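Thanks for making the time this morning. Let me put the structure up, and then I will go through a few of its features in turn.

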2 protein chains.
Amino acid sequence: MKKPVPTLAEVAKVAGVSQMTASRAINNRSGVSKEKREDIQRIADEMGYVVNRAAQRLSGGRTRVIGVMAQLHTTFTAELVLGAGGAARAAGYEMLVYSLPDNDRRPPGSVVDLLRQIADGVIALLPYESDYLETLSAAHLPVITVDYRGEESPFPSVASDSYEGGRTAVRHLAELGHRRIAHITGNERLASARDRRRAYLDTMAQLGLAIDPAQIATGDFSQRSGFEAANRLLALNPRPTAIFAANDISALGAISAIRDAGLRVPEDLSVVGFDDIPVAAQLHPPLTTIRQPMQQMGRSAVNMLLALIVGLEAPSPRITLPTQLIVRGSTVPPTARLRS
Amino acid sequence: MKKPVPTLAEVAKVAGVSQMTASRAINNRSGVSKEKREDIQRIADEMGYVVNRAAQRLSGGRTRVIGVMAQLHTTFTAELVLGAGGAARAAGYEMLVYSLPDNDRRPPGSVVDLLRQIADGVIALLPYESDYLETLSAAHLPVITVDYRGEESPFPSVASDSYEGGRTAVRHLAELGHRRIAHITGNERLASARDRRRAYLDTMAQLGLAIDPAQIATGDFSQRSGFEAANRLLALNPRPTAIFAANDISALGAISAIRDAGLRVPEDLSVVGFDDIPVAAQLHPPLTTIRQPMQQMGRSAVNMLLALIVGLEAPSPRITLPTQLIVRGSTVPPTARLRS
DNA sequence: TTAATTGACGTTAGCGCTAACGTTATTATA
DNA sequence: TATAATAACGTTAGCGCTAACGTCAATTAA
């Protein structure tokens, strides 16, 4: 009770070895005989020993903690963090998350320094409008980014296959018989948004469908931008019969706008989203969407980061995970009346 | 470049003072003259000095970091964390979040120890089925809980006024003319769920409305439980004309069940939720609900924790924040046909 | 006038750990 | 048999910081 957490020195004393040997045994380093190692580990367990990561880090060692910096209030990041946490724990690591503020005025340095002080590496889910990249690379610590401005970034990254996913979405609408297919874009500072837009353009062209610039409405992945973009699309004449939104949240906003205009989904307009966030299946109608393997992305990010930390193998600079079309109720063939 | 982050010793040398004086100046402790303090702080800024919290903690000092342990994948916790982060930063603190796993098999000790090693205190948003309370109190560090099993917990806590909120919800439905009002409960290990249930019972009684035990369907705050609970309620004869669900997510599930049964919201059944999560306003119909000040709860939790850490004033054992009825489209008077 | 108090510093020691370099016994190699 | 290489440890030093206790002057109280 007086000493809830014993120190390494105490464990070593009980085990009758030097502190360094105890350290080696507990961290599974070489230089200890098998019997002594097991002996020490058993004693440490019995004593309820827990390493002090602060001390570990201070003395220049690995802490087996990974840091995450993310804006937590989107479902996407929440799911990703969930997957990452599981993978980290499975690998014997702990994970701490720094919740990035919405409007980021403060010097990003302190955050990076904070994480560096306790973590062996960082997974960065960065807001669009930040200058964290420079700070991160100045910090000289292992970093993996998720879906962040592909080419500009010096870090390995994980993403889902936005291009193929976008193509699948457009093809799905075309196969239902839609010809006037509109697109609501995401924030084009993200490679994923650019890829989805490119997929839209390419696929429309390949299918021989007319590309009207007015049918491409700029958004930024937010609900509000989806709402506003859809309003612009609804004002077109002829009106699109289908919308491919860059993510589920903006699809949600688009559906609101459509309904507010007195139209119905999917009878008057079909809508496809991207992500497959948990609520997508619970809407009425449930949303047809392109599923991103969000938790898997988190797991992959952790594994790449661990490879970087251990330094054995150079991780591939970019991992792209496959997406999947989930057909639900928000897409149907256009009614005869709408086909012009 | 060689030394990206200078140490306190280097700052002290440049400023021409002892390391201890520099420490006092930077941490705004007494024992330094005003001029020297400002001098040192300026030099530290220019040199880009950042405290090493690991060292700070190791040597027994305050780190100005607070820890949060939470299951991040619910909107409620995400919003709360957002509010907490803002309040922490405003007070000059940093915040790190430990994302608790869903199914918690591992010894909770390591998490608590990890946080204790770097944080001055912890805000705990605990899963329903955990034994963290004992571990937390054994750790002897400042803890604030959010809405956790009120009486059992030895820690101060923050909650919203579930009882008043619940009364408001039921009164709202009654004022619209509903008489057969059902309730879908939350996980009753949480005080908030118990309070909402009690509010339902008390208010029904006070309004002179019949309480049929079959109209109280057990849920656990999850979408699935809301769906299943609503199915049980729909099988009743006579059917309820309104449902008060313990939270928005289970209200969502209930609405799915109602629709699957070929009925409409709000024409056939009115539904009230609790929380006012961001999607609530975007549903069709938008959800009438009791708004909890989620971000404010986070802010209050931080402020209570800081009071505990500084130890100046004993924080009140429990802070209860007011809720607010948000009337949207999911509640209307019962149609004449439904009034029996 | 002298002792007691206060403020502004500096010094010493140590938090718990690991890197780097010993030291010793054991084994492989010439 | 002598020598080098290896494995299994132990010792020393220090990571960056703060608590606790100096020291010394400038005040204040008696």
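Predicted model: local features only at pLDDT ≥ 70, side-chain atom pairs only at ≥ 80, totals over all residues.

In chain A, helix α6, which covers residues 109-118, contains A:V111; helices here are DSSP runs of H or I with at least four residues, numbered from the N terminus. With a relative accessible area of 3%, A:V111 is buried, where buried means under 20%, exposed over 50% and partly exposed in between, using a 1.4 Å probe and protein chains only. A:V111 and A:T320 lie 209 residues apart in sequence, and their C-alpha atoms are 28 Å apart in space.

Residues are numbered from 1 along each chain as its sequence is written, chains are lettered from A and ligands numbered from 1 in the order in which they are written, and side-chain values use heavy atoms, with hydrogens and water left out.

Now to a helix pair in chain A. The axes of α10 (residues 223-234) and α11 (residues 248-260) of chain A come within 7 Å and cross at roughly 45°, the axes being lines fitted to C-alpha atoms over the stretch in contact, with angles from 0 to 180 degrees between N-to-C directions. The two helices α10(A) and α11(A) are therefore oblique to each other, given that under 35 degrees counts as roughly parallel, over 145 as roughly antiparallel, 65 to 115 as roughly perpendicular and the rest as oblique. Residues of α10(A), including A:F227 and A:L234, meet residues of α11(A), among them A:I249 and A:L252, contact meaning heavy atoms within 4.5 Å.

What about the corresponding helices of chain B, and at roughly what angle do the axes of α10 and α11 cross there? In chain B, the axes of α10 (residues 223-234) and α11 (residues 248-260) come within 7 Å and cross at roughly 45°, so α10(B) and α11(B) are oblique to each other.

Finally, the interface: 40 residues from chain B and 40 residues from chain A take part in the contact. Between them the two chains bury about 4,100 Å², of which 63% is on carbon and sulfur atoms, buried area being the accessible area (1.4 Å probe) that two parts lose on being put together, summed over both. Of the area that chain B buries against chain A, B:R89, B:Q117 and B:H284 supply 15%, more than any other three residues.
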